[in-house]
Amino acid sequence: MSANSSSSVILIGGGVIGLSIAWELARRGHRVTIVDRGPLARATSWAASGILPPANLATATDSIDQLRGLSHSMFPRWHQALLEITGIDSGLRRCGGWYLADSPGERAAMIGMTSFWEDLSIQCEPVTSRELAMREPVLRDWVMPLASGASNGGAAGREVAAWWLPDEYQIRCPRYLQALVAACRIAGVEVIENVPVLDIRSSDGVVQVLLPSTSLSADLAVLTSGVWSGQVSSSLNLQTSLVPIRGQILLLKTPTQPIRSVINVGNRYLVPREDGYTLVGSNEEEVGFQGGTTLEVLESLKQFAFGLCPHLQTAVVAKSWSGLRPMTFDGFPMIGRVPGTANVYVAAGHYRSGIHLSCGTAEVVANLIEERDNVVALDAFRVGKQQQSLNRYLSA
């Protein structure tokens, strides 16, 4: 499709990726419809913590780093545009992030990460335990248990390795999604909620999307259904391309904000909000398409939060939830046209980074549809590559 022509496009899935692509396409003059099996802006996208780690498009050479760098650079503009159009503040803040390690394994992993950040010219400042305790006083008991007289089970004399990354952002995912939904409606996107897609058929330059009581026709369709993208149509051969990985999050409430910045310890984190809420996450469970939380995991998250920040022991448990992250076999999202079709695309498999990669993915997919050049090398995201990798693994 030429860059100057408009098209009719059906987005199948109304999470952050589908909404972002829909808004970008509508702003470019395309006629867009979103179909979702449930309500818009729920499921995994709503459940995310909203951590946006630093990235640098100018220095990135790997495809996923290019996509992350593109999206990270776009977020301030998107946030401002959404705020002006909808009046909804998505809570984007450049709050900075701490990366901490107190075990040999975590230190080794972080040494690799700091080398990676340095290669990308991402600002990364090593910080002593004493300075960390001064800059985040509520961590003092965890950082220097003897000096503070704490009895939190910390090892005596423990030396924590710490790094400060000032370019880490956070965003409030429910508000970001609300803003995207509102912007899509304002831009004229048609919305069909709580209706499952039964099948997708592509022939003679037309895509037909079959619903329980009717069908929709368009020039193009884009699968943006997260973990369910492989289950929509068996004819697309994507059934085993995505693996759902459950993550659980605990939300705590204190009268004031206990910490200033995001705190990362391995795959676990604390995300502070200005209104006194603190998100505690997360874990990874391969339990199929089963959602929900478990007492065991929530208790482990609580103990992690209390051990790291004893101030949170007085917090009220406000809520807990889970989400199913869409993981591909090779760890790269699927972005591109489905093999064997002329007009069916996929944008799914962003795993833990769907929110962070949303606006970059929207630009990439819109450029693909319009046959424009992209600043991101897309071969690593080629649809079907994940299936081929899995088949080789299973036959080995």
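Predicted model: local features only at pLDDT ≥ 70, side-chain atom pairs only at ≥ 80, totals over all residues.
Reader: Which element gives the most residues to the lining of the second largest pocket?

Author: The second largest pocket holds about 280 Å³ of space, and among the 14 residues that line the pocket, the closest to its centre are Arg172, Pro174, Leu251, Leu279 and Trp321. Two or more lining residues come from each of helix H8 (173-186), strand S16 (277-281) and strand S17 (316-328). By class, the lining has nine nonpolar, one polar and four charged residues. The element that gives the most, with four residues, is H8.

Reader: How are helices H3 and H10 oriented to one another, and why?

Author: Two packed helices are described by the angle between their axes and the distance between the axes. For H3 (residues 63-86) and H10 (residues 358-369), the axes come within 7 Å and cross at roughly 105°. Because angles of 65 to 115 degrees count as roughly perpendicular, H3 is, relative to H10, roughly perpendicular.

Reader: How do the residues of the contact of H3 with H10 divide by class?

Author: On the side of H3, the contact is made by Leu67, Leu70, Ser71, Met74, Phe75 and Trp78. On the side of H10, the residues are Ser358, Cys359, Gly360, Thr361, Ala362, Glu363 and Val364. Taken by class, the residues of this contact divide into eight nonpolar, four polar and one charged.

Reader: Which residues of H3 make the contact with H1?

Author: The axes of H1 and H3 come within 14 Å and cross at roughly 75°, which means that H1 is roughly perpendicular to H3. By class, this contact has five nonpolar, one polar and two charged residues. From H1 the contact takes Ser20, Trp23, Glu24 and Arg27, and from H3 it takes Trp78, Ala81, Leu82 and Ile85.

Reader: What is the N to O distance in the salt bridge of Glu24 and Arg27?

Author: Side chains of opposite charge can pair when their charged atoms come close. Glu24 and Arg27 are three residues apart in helix H1 (residues 16-27), so about one helical turn separates them. A search of the whole structure finds 20 salt bridges. The side chains of Glu24 and Arg27 meet in a salt bridge with an N to O distance of 2.8 Å.

Reader: What is the phi of Ala43?

Author: Ala43 has its place in helix H2, which covers residues 43-47. Although Ala43 is not a glycine, its phi is positive, at about 55°.

Terms used. Residues numbered from 1 in each chain as written. Heavy atoms only, no water. 1 Å grid on protein atoms, 1.4 Å probe; cavity = no way out; pocket = protein on both sides within 12 Å on 5 of 7 lines; lining within 4 Å. Points joined across faces, edges and corners; volume = space filled by probe spheres on them. Nonpolar A, V, L, I, M, F, W, Y, C, P; charged D, E, K, R; others polar. Axes fitted to C-alpha atoms, helices over the stretch in contact; angles between N-to-C directions. Parallel < 35°, antiparallel > 145°, perpendicular 65-115°, else oblique. Contact = heavy atoms within 4.5 Å. Salt bridge = Lys/Arg side-chain N within 4 Å of Asp/Glu carboxyl O.
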